[in-house]
Amino acid sequence: CCLIDPRAQKALVRNLVGKELALPFYLAHDRVFIPLKMRQPRAEHDPVYGYVDLNFIARIEQTPDRRCRLTLTNGITVDLFCTRDTAIKSRECGARLLESLHADNKDGDLEALVLSAVAAIIRKLELMHQDIESLKD
């Protein structure tokens with residue numbers, strides 16, 4: 001598993017997606033969860049958002065009552081308390097975050113590859129140095 005610093009992630013996501021409220025979050029570079037309004041508030045400051053993994057969203061459809069319906073890849077549907085446009089914007093925001101995370105992960109893979117290559121070169125040089133030192137004796 002991985003350790004997550006929610007405050008640091010929130011600041012990072014805010015900068016990446018250019019948004020302040022109802023931010024997506026991630027658990028790994030390929031697991032982004034987007035906020036969608038799942039119910040009406042029952043009290044002041046009542047959190048009404050549920051979070052859905054982008055990987056499991058099949059489609060978002062308009063309903064007759066100016067709201068929308070979320071269909072998951074397993075066929076389950078959820079009636080949302082937002083317009084289709086709002087849900088699409090949330091999905092697009094999550095997609096931007098996912099794209100940024102993939103780009104960062106590729107950089108991380110490249111960095112790991114370069115560090116591994118440098119370590120191999122250093123080991124070779126150390127062996128060569130030992131061989132040269134043994135020839136002097």
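Me: A contact is taken to mean heavy atoms within 4.5 Å. Among contacts in the protein with a separation of 6 or more, what percentage joins residues 24 or more positions apart?

Reply: The model is a predicted one, in which local features need pLDDT of at least 70 and side-chain atom pairs count only at pLDDT 80 or more, whereas totals for chains, interfaces and linings use all residues. Residues are numbered from 1 along each chain as its sequence is written, and side-chain values use heavy atoms, with hydrogens and water left out. Of the contacts in the protein with a separation of 6 or more, the share that joins residues 24 or more positions apart is 36%.

Me: What percentage of the residues in the protein is buried?

Reply: A residue is buried under 20% relative accessible area, exposed over 50% and partly exposed in between (1.4 Å probe, protein chains only). The protein has 137 residues, and the buried residues make up 25%.

Me: Is valine 32 buried or exposed?

Reply: Valine 32 lies in strand β2, which covers residues 31-37. Not counting residues up to four places away in sequence, valine 32 touches Pro24, Phe25, Tyr26, Val52, Asp53, Leu54, Gly94, Leu97, Leu98 and Leu101. Because its relative accessible area is 1%, valine 32 is buried.

Me: Is threonine 71 buried or exposed?

Reply: Threonine 71 belongs to strand β5, residues 68-72. Leaving aside neighbours within four places in sequence, threonine 71 is in contact with Phe56, Ile57, Ala58, Arg59, Glu61, Ile76 and Thr77. Since the relative accessibility of threonine 71 is 5%, this residue counts as buried.

Me: How many salt bridges does the structure hold?

Reply: Side chains of opposite charge can pair when their charged atoms come close. A salt bridge here is a side-chain nitrogen of Lys or Arg within 4 Å of a carboxyl oxygen of Asp or Glu. One of them joins aspartate 53 and arginine 31, with N to O at 2.5 Å. The number of salt bridges in the structure is 4.

Me: How many residues apart in sequence are the parts that aspartate 53 and arginine 31 tie together?

Reply: Aspartate 53 is buried, at 5% relative accessibility, whereas arginine 31 is partly exposed, with a relative accessible area of 33%. The side chains of aspartate 53 and arginine 31 meet in a salt bridge. Aspartate 53 lies in strand β3 (residues 49-53) and arginine 31 in strand β2, so the distance in sequence between the parts they tie together is 22 residues.

Me: With which residue does the side chain of arginine 59 meet in a salt bridge?

Reply: Arginine 59 is partly exposed, with a relative accessible area of 43%. With N to O at 3.3 Å, the partner of arginine 59 is glutamate 61.

Me: Which strands do aspartate 79 and arginine 69 lie in?

Reply: Aspartate 79 is partly exposed at 44% relative accessible area, and arginine 69 is partly exposed at 29%. The two form a salt bridge whose closest N and O atoms are 2.8 Å apart. The pair ties together parts 10 residues apart in sequence, because aspartate 79 and arginine 69 lie, respectively, in strands β6 (residues 77-80) and β5.

Me: How far apart are the C-alpha atoms of methionine 38 and aspartate 79?

Reply: Methionine 38 is found in the loop between β2 and β3, and its relative accessible area of 25% makes it partly exposed. Leaving aside neighbours within four places in sequence, methionine 38 is in contact with Val48, Tyr49, Gly50, Val52, Val78, Asp79, Leu80 and Phe81. Methionine 38 and aspartate 79 are 41 residues apart along the chain, and their C-alpha atoms are separated by 7.4 Å.

Notes. Helices (H or I, at least four residues) and strands (E, at least two) are DSSP runs, numbered from the N terminus.
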